[in-house]
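Q: I am new to this structure and would like to learn how to read its features. Could you take me through them one by one?

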Amino acid sequence: MVVWTDFERATITDIFSKLDYEAVGGATLARCLVVYPWTQRYFGNFGNLYNAAAISGNPMVAKHGTTILHGLDRAVKNMDDIKATYAELSVLHSEKLHVDPDNFKLLSDCLTIVVAAQLGKDFTGEVQAAFQKFLAVVVSALGRQYH
Amino acid sequence: MLSAREKELISEIWERLTPVAEDIGAEALLRMFATQPGSKTYFSHLDISPSSAHLRSHGQKIVLAIAEGAKDISQLAITLGPLQTLHAYQLRIDPTNFKFFSHCMLVTLAAHMRKDFTPVAHAAMDKYLSAFAAVLSEKFR
């Protein structure tokens, strides 16, 4: 079981309460598709992903990014059992979407960068550590049902 | 593989950051120590508390080396020759730490450059720092 300090719980709740889900979600997925272009393999039906400008302006990317970020809400609300919370989603990503779980880490790194750019100075080393710990637990839970 | 435009972007960014090399370097190191406690084992001989003189001067050294390499990326192996030897035979830092440091450097850049740390700049910088780390570890074995 993951042990969360009071600081970590407060930090995670605080960050997510302040997030503009549409802006951050879309920006995160777009960034992932630009920085790690091979991730585009999962989005063949998303239309124009030809260059960074096209990706950043793509409405399907924006919409899907928001969906992903809202998916993280579930973990924020159930920090003490993220494993169970994501069991179904893990099966979905494995059996239906066939997503290589290494990609979860890539997306989570992009989210960290986007949040850092949003919060600037307030994204201190301690806040970063808490945020990355949270994302690591999420990533692990999402990969758990793969076989 | 870095395009000509990306190399330009990278050298521009590092030129702009050279005056604040101490701040950027110290911050990246602190982020790494906070998120990867194992990395602190390489600094048991220094005072790495926030705003310590050791931390700032060490951070500055690292950033200045990265900035120097950015001036002519095609010559990285030559520019980094002495540092390659230092890291391989004296420091012997486990290379996974280069990945951790690079990530923390990207986070530092994002926190400082905010909107200006665009996906394109991020991609270019990630590629550069990966290449830098790879060249740095070339003499390890």
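Q: What should I know about the model and its numbering?

A: The model is predicted: local features need pLDDT of at least 70, side-chain atom pairs count only at pLDDT 80 or more, and totals for chains, interfaces and linings use all residues. Residues are numbered from 1 along each chain as its sequence is written, chains are lettered from A and ligands numbered from 1 in the order in which they are written, and side-chain values use heavy atoms, with hydrogens and water left out.

Q: How many residues of chain B and chain A take part in the contact?

A: Contact means heavy atoms within 4.5 Å. Here 22 residues of chain A and 17 residues of chain B take part.

Q: How much area do chain B and chain A bury between them?

A: Buried area is the accessible area, taken with a 1.4 Å probe, that two parts lose on being put together, summed over both. For chain B and chain A the figure is about 1500 Å², with 61% of it on carbon and sulfur atoms.

Q: Which elements of chain B supply the side that touches chain A?

A: Helices (H or I, at least four residues) are DSSP runs, numbered from the N terminus. In chain B, helix H2 (21-35), helix H6 (96-113) and helix H7 (119-136) each supply at least two residues of the side that touches chain A. The largest share, 6 residues, comes from H6(B). By type, the residues of this side of chain B are 10 nonpolar, 4 polar and 3 charged. In this count Ala, Val, Leu, Ile, Met, Phe, Trp, Tyr, Cys and Pro are nonpolar, Asp, Glu, Lys and Arg are charged, and the others, Gly among them, are polar.

Q: How many salt bridges cross the interface of chain B and chain A?

A: A salt bridge is a side-chain nitrogen of Lys or Arg within 4 Å of a carboxyl oxygen of Asp or Glu. Across the interface of chain B and chain A the rule finds 0. Over all chains the count is 11.

Q: Which residues touch the most other members of the largest nonpolar core?

A: In soluble globular proteins, nonpolar side chains tend to be buried together. A nonpolar core is a set of buried Ala, Val, Leu, Ile, Met, Phe, Trp, Tyr and Cys residues joined through side-chain atoms within 4.5 Å. Buried means under 20% relative accessible area, exposed over 50%, and partly exposed in between (1.4 Å probe, protein chains only). The largest core here has 76 residues, and A:Phe134, B:Trp14, B:Met105, B:Met125 and B:Tyr128 touch the most other members. Not counting residues up to four places away in sequence, the contacts of B:Trp14 include B:Val63, B:Ile66, B:Met105 and B:Tyr128. A second, separate core of 16 residues includes A:Leu29, A:Tyr36, A:Phe43 and A:Val61.

Q: Is A:Leu135 buried or exposed?

A: A:Leu135 is buried, with a relative accessible area of 5%. This residue lies in helix H8 (residues 125-143) of chain A. Setting aside residues up to four places away in sequence, A:Leu135 touches A:Leu72, A:Ser108, A:Leu111 and A:Thr112.

Q: Where is A:Asn58 found?

A: A:Asn58 is in the loop between helix H3 (52-57) and helix H4 (59-77) of chain A. A:Asn58 is buried, at a relative accessible area of 6%. Its side chain reaches the backbone oxygen of A:Asn48 at 3.2 Å.

Q: Which parts of chain B does the salt bridge of B:Glu22 and B:Arg56 link?

A: The side chains of B:Glu22 and B:Arg56 meet at 2.8 Å, N to O. The pair links distant parts of the chain, with B:Glu22 in helix H2 and B:Arg56 in helix H3 (residues 53-71), 34 residues apart. By contrast, B:Glu27 and B:Arg31 both lie in helix H2 of chain B, 4 residues apart, about one turn of the helix. The closest N and O atoms of the salt bridge between B:Glu27 and B:Arg31 are 2.9 Å apart. B:Arg31 is buried, with a relative accessible area of 3%.

Q: What is the phi of A:His98?

A: Most residues other than glycine have a negative phi. A:His98 has a positive phi of about 50° although it is not a glycine. A:His98 is found in the loop between helix H6 (87-96) and helix H7 (102-119) of chain A, and is exposed, with a relative accessible area of 54%. B:Arg114 also has a positive phi, of about 45°. The place of B:Arg114 is the loop between H6 and H7 of chain B.

Terms used:
Polar contact = N/O pair within 3.5 Å; in protein donor to acceptor, adjacent residues only side chain to side chain.
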